[in-house]
There are 2 protein chains.
Amino acid sequence: MRIYLAGPDVFLPDPIGRAEALKAICARFGMVGVSPLDVFEPAPVEWATLDEAMRIARQNEAHIASCDALVANLTPFRGPSADVGTVFEIGFMRALGRPVCGWSNHPAKFADRTREFLGPSGDGMLIEEFGLADNLMIEGAITASGGAMVVKDCPHHARWSDLEAFANCLALLGQRT
Amino acid sequence: MRIYLAGPDVFLPDPIGRAEALKAICARFGMVGVSPLDVFEPAPVEWATLDEAMRIARQNEAHIASCDALVANLTPFRGPSADVGTVFEIGFMRALGRPVCGWSNHPAKFADRTREFLGPSGDGMLIEEFGLADNLMIEGAITASGGAMVVKDCPHHARWSDLEAFANCLALLGQRT
């Protein structure tokens, strides 16, 4: 079972080491982790003329399409929500009809994080109040796809290092098949 | 041509009035705007047992799948990036292979907005530096889909009211067909 490793983990100080750590956990479950940092082969010839950003985007789409499931790090990133690149990839995989799991090391609900972010005066716009971990499209897709959302109450210093919730997603995917 | 109206516009103080305004502009181009606030009919019977958030998520996915193109309001929302629900929907439509356009009323590049958000000390993680309007998956998908990203330099007070960039997306989609 090939698992696409979605997440802002690629922005961590040692992204290759992080990808290797995620792949090692996949291997423990008999799964193959596919990182956005992996080279997609064979690369379609038309990618050669693209600039770097466009080529990375096409490569990540191809990686996702090559996988059986997607596991996304949804720990909030630079704001109350998850990284948008990660959420794009969830939408992409959801439309392909394959299972998506999400994990987060932040225990607070989306509505509470949003209120904390905006402060008492708010921004004059509605705050989603469904008791979910993030925007409803994310958890809606995860649930409808047959996946699961795993949230761990991690201390702040461990938010980008603790991989227990990630491993729990793999365990759930393994039980599913 | 049916256009899915993706965006955090549903969180504005008068979301129905906003949807009507967007649909009126679609009609000027001979297009039909489909809002996340519209009721999807006929609703599959299995939605009846879902809670509200899950039902909205399924309905939005069904609306997107019923449309020929998607136009997304990518004006930054509660952080340096666009609304994650909107970006999920772009990923979903991109996997369906149909055109996606994005518009934003914020002129700054993603990297500059991120630096402003994080402050001089940063967060110890990489900042994407590709000169794009947001995360590369978004503009990568828009470009690969045959759509376009339209950015307007709006004054702050008009950021959630000015619809010129939205109309420009429709004009581009109209020329495309």
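**Entry 1**

Does Arg78(A) count as buried or exposed? I found it buried, at 13% relative accessibility. My cut-offs are under 20% relative accessible area for buried, over 50% for exposed and partly exposed in between, with a 1.4 Å probe and protein chains only.

Before going on, I noted the ground rules: this is a predicted model, where local features need pLDDT of at least 70, side-chain atom pairs count only at pLDDT 80 or more, and totals for chains, interfaces and linings use all residues. Residues are numbered from 1 along each chain as its sequence is written, chains are lettered from A and ligands numbered from 1 in the order written, and side-chain values use heavy atoms, with hydrogens and water left out.

I placed Arg78(A) in the loop between β3 and α3 of chain A. Helices (H or I, at least four residues) and strands (E, at least two) are DSSP runs, numbered from the N terminus. The phi of Arg78(A) is near 55°, a positive value in a residue other than glycine. Most residues other than glycine have a negative phi, and most peptide bonds are trans.

I then checked chain B. Arg78(B) lies in the loop between β3 (69-73) and α3 of that chain. Its phi is near 55°. Arg78(B) counts as buried at 13% relative accessibility.

**Entry 2: cis peptide bonds**

I looked for cis peptides. One joins Glu41(A) and Pro42(A), with omega about -5°. Pro42(A) sits in the loop between β2 (32-34) and α2 (52-65) of chain A. In chain B, the bond from Glu41(B) to Pro42(B) is cis, with omega near -5°.

**Entry 3: how the chains relate**

I superposed the copies by least squares on the C-alpha atoms of residues with pLDDT of at least 70 in both. Chain B can be laid on chain A with an RMSD of 0.0 Å, by a turn of 180° and a shift of 0.0 Å along the axis. That is the relation of a two-fold axis. I also compared the interfaces: 100% of the interface residues of chain B are also interface residues in chain A, so the copies meet through the same surface.

**Entry 4: cavities**

I ran a 1 Å grid over the protein atoms alone; a cavity is a set of points where a 1.4 Å probe fits but cannot get out, and lining residues have an atom within 4 Å of a point. Points are joined across faces, edges and corners, and volume is the space filled by probe spheres set on the points. I got 6 cavities of 30 Å³ or more.

The largest cavity holds about 260 Å³. Its lining has 26 residues, and Ser81(A), Ala82(A), Arg78(B), Ser81(B) and Ala82(B) lie nearest its centre. Helix α4 (110-118) of chain A and α4 (110-118) of chain B each supply at least two lining residues. I sorted the lining into 13 nonpolar, 8 polar and 5 charged residues.

Of its 16 lining residues, Leu5(A), Asp9(A), Val10(A), Leu22(A) and Pro36(A) are closest to its centre. The largest share of this lining, 4 residues, comes from α1(A).

**Entry 5: Ser81(A)**

I went back to Ser81(A), in the loop between β3 and α3 of chain A. It counts as buried at 13% relative accessibility. What does its side chain join in a polar contact of 2.9 Å? I found the side chain of Asp134(A). A polar contact is a pair of N or O atoms within 3.5 Å; within protein, one must be able to donate a hydrogen and the other to accept it, and residues adjacent in sequence count only if both atoms are side-chain atoms. Beyond four places in sequence, the contacts of Ser81(A) (heavy atoms within 4.5 Å) include Phe110(A), Arg113(A) and Val84(B).

**Entry 6: helix α5(A)**

I counted 7 of the 9 residues of α5 (136-144) of chain A as buried. These buried residues pack against α3 (84-96), β4 (100-104) and β5 (149-151) of chain A, and against α2 (52-65) and α3 (84-96) of chain B. At the start of α5(A), a side-chain oxygen of Asn135(A) reaches to within 2.9 Å of the backbone nitrogen of Met137(A). Just after α5(A), Gly146(A) takes a positive phi of about 90°.

Methods:
On a 1 Å grid over the protein atoms alone, a cavity is a set of points where a 1.4 Å probe fits but cannot get out, and a pocket is an open set with protein on both sides within 12 Å along at least five of seven lines; lining residues have an atom within 4 Å of a point. Ala, Val, Leu, Ile, Met, Phe, Trp, Tyr, Cys and Pro count as nonpolar, Asp, Glu, Lys and Arg as charged, and the others, Gly among them, as polar.
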